[in-house]
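Me: I have a structure open and want to learn how to read it feature by feature. Can we work through it together?

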Amino acid sequence: MYLKTIIQRNKVYSGNSYVGILDLNFTRRLQLFLLCALLQCASSLHSAVILVPEDVLQDYKMFVGDAPPASVTDFGGSYARRPVVELVLLLQALTEGGYNKQIILRTTPGYAQTMRTLVAGGAHLSGVTQWKQELAKFAPRIGSSFALIRSGEYQLGVFACKGQPPKPNIVLSSLAVVADERSSVEWSALQWVGFKRLEASDNLPTRVRLVCLGRVDAAIAEFPSSATMGITAAGFSLQAIPNIKLVIEASRHYPVSSEAMGSQRVALALNRGLKLIRRSGVVKRALLQSGFHHPQARQWKALKLRSD
């Protein structure tokens, strides 16, 4: 039986049956809700909403300080990890691409919530890149920008416990290693290395501790910005094993919502700006100064990896 709900003088009827007295403030609350929704839609036409993980946004604020992101030319320092640099480059690309509307940085708890929000059109962009293969799963509701990190530019180091130097001429197939398994692309690529054992942990202090306690021989991680190429966490320190780096032959892009109002304008400005900052050398300098492409590892032997 078809039931319809009607509102009449603060009473609710379902079909012909009276089911309760409405709160006297119901109508006012409904009006406020609709007004807020309309204002949000209107503001989205004149702003770009960018989703940023909470820890990345916190480090970003420490990295840029009071300076506008467009003025950043030095991408080194203690807060200059890859996701932070990606956010700065995104903002610079939007500026260079001619986007002159308001930009709103909104925190997000993680990858899953970011994708859900973009699919629903609740934001325009993610402030950090994702692998092209992973973004393809969300097409056509989420698209991808031009590549910020091109195929063959994503580098990883192999890190042993500081003070426990590895044996000379080490062979990767002899190592038991630990890595972050949250990215299916990275995890799939690492399977092809042929490590003696590959363990998973999504927590950096845990990975560092496992290495220095001798549970595994090494950890896989991005190169840090420090000149010493060291990673410190949980009271332990890791050091990059020299002359070894892993290179993943896949590209990373900013996720762009196809559902958000005004997303086409944002995407056009972003892609235009990415071309410009790539051509001017800003992207190359940022990857180098941040340590992601560590200058000390430039001549190291690279093992190229593909992901399924």
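Me: Where is Met229 found?

Reply: This is a predicted model, so keep that in mind throughout. Met229 sits in the loop between strand E12 (218-221) and strand E13 (230-233).

Me: Which phi does Ala234 have, and where does Ala234 lie?

Reply: Ala234 has a positive phi of about 55°, although Ala234 is not a glycine. Its place is the loop between E13 and strand E14 (236-248). Now apply the accessibility test. Ala234 reaches 39% relative accessibility, so Ala234 counts as partly exposed.

Me: Which residues does the cis peptide bond join?

Reply: Omega is the angle to look at here. The cis bond joins Ala139 and Pro140, with omega about 5°. Pro140 belongs to the loop between helix H5 (132-135) and strand E8 (142-149).

Me: Now the whole chain. How many helices and strands does the chain have?

Reply: Nine helices and 16 strands. Of the 308 residues in the chain, 44% are buried. Then ask how far apart in sequence the contacts reach. Take contacts between residues at least 6 apart in sequence: 73% of them join residues at least 24 apart.

Me: How many disulfides does the structure hold?

Reply: First the general idea. A disulfide is a covalent bond between the sulfur atoms of two cysteines. This structure holds one. The disulfide joins Cys161 to Cys212, with S to S at 2.2 Å.

Me: Which parts does the pair Cys161 and Cys212 tie together?

Reply: Locate each cysteine. Cys161 lies in strand E9 (residues 154-161), and Cys212 lies in helix H7 (residues 204-212). The pair therefore ties together parts that are 51 residues apart in sequence.

Me: What is the handedness of the link, and are the two cysteines buried or exposed?

Reply: Use the angle about the S-S bond. The angle is 105°, and the link of Cys161 and Cys212 is right-handed. Both Cys161 and Cys212 are buried.

Me: How do I read a helix face?

Reply: An α-helix has 3.6 residues a turn, so residues three or four places apart point the same way. Now take helix H2 (residues 54-64). Its buried residues are Val56, Leu57, Asp59, Tyr60, Phe63 and Val64. Seen down the axis of H2, these buried residues fall within an arc of 165°, so they line one face of the helix. Gln58, Lys61 and Met62 are exposed on the other side of H2.

Me: What covers the buried residues of H2?

Reply: The cover includes strand E4 (47-53), helix H3 (82-96) and strand E5 (102-108). At the end of the helix, H2 is followed by Gly65. Phi of Gly65 is positive, near 65°.

Me: At what angle do the axes of H2 and H3 cross?

Reply: Check distance and angle together. The axes come within 9 Å and cross at roughly 70°. That makes H2 roughly perpendicular to H3. H2 passes H3 in a right-handed crossing. H2 makes the contact with Val56, Asp59, Tyr60, Phe63 and Val64. H3 contributes Pro83, Val84, Leu87, Val88 and Leu91.

Me: Which residues does Ser47 touch?

Reply: Set aside sequence neighbours up to four places away. Ser47 then touches Tyr99, Lys101, Gln102, Ile104 and His124. Ser47 is in strand E4. At 1% relative accessibility, Ser47 counts as buried.

Me: And which residues does Ser257 touch?

Reply: Leave out residues up to four places away in sequence again. Ser257 touches Leu118, Gly121, Ala123, His124, Arg141 and Ser263. Ser257 belongs to strand E15 (residues 252-257). With 1% relative accessibility, Ser257 counts as buried.

Me: What separates the C-alpha atoms of Ser257 and Ala267?

Reply: Compare sequence with space. Ser257 and Ala267 are ten residues apart along the chain. Their C-alpha atoms are separated by 8.9 Å.

Key: Residues numbered from 1 in each chain as written. Predicted model: local features only at pLDDT ≥ 70, side-chain atom pairs only at ≥ 80, totals over all residues. Heavy atoms only, no water. Disulfide = S-S within 2.5 Å. Helix = DSSP H or I, 4+ residues; strand = E, 2+ residues; numbered from the N terminus. Buried < 20%, exposed > 50% of the residue type's maximum accessible area, 1.4 Å probe, protein only. Arc of directions from axis to C-beta. Contact = heavy atoms within 4.5 Å. Axes fitted to C-alpha atoms, helices over the stretch in contact; angles between N-to-C directions. Parallel < 35°, antiparallel > 145°, perpendicular 65-115°, else oblique. Left-handed = near helix turned anticlockwise from the far one by under 90°.
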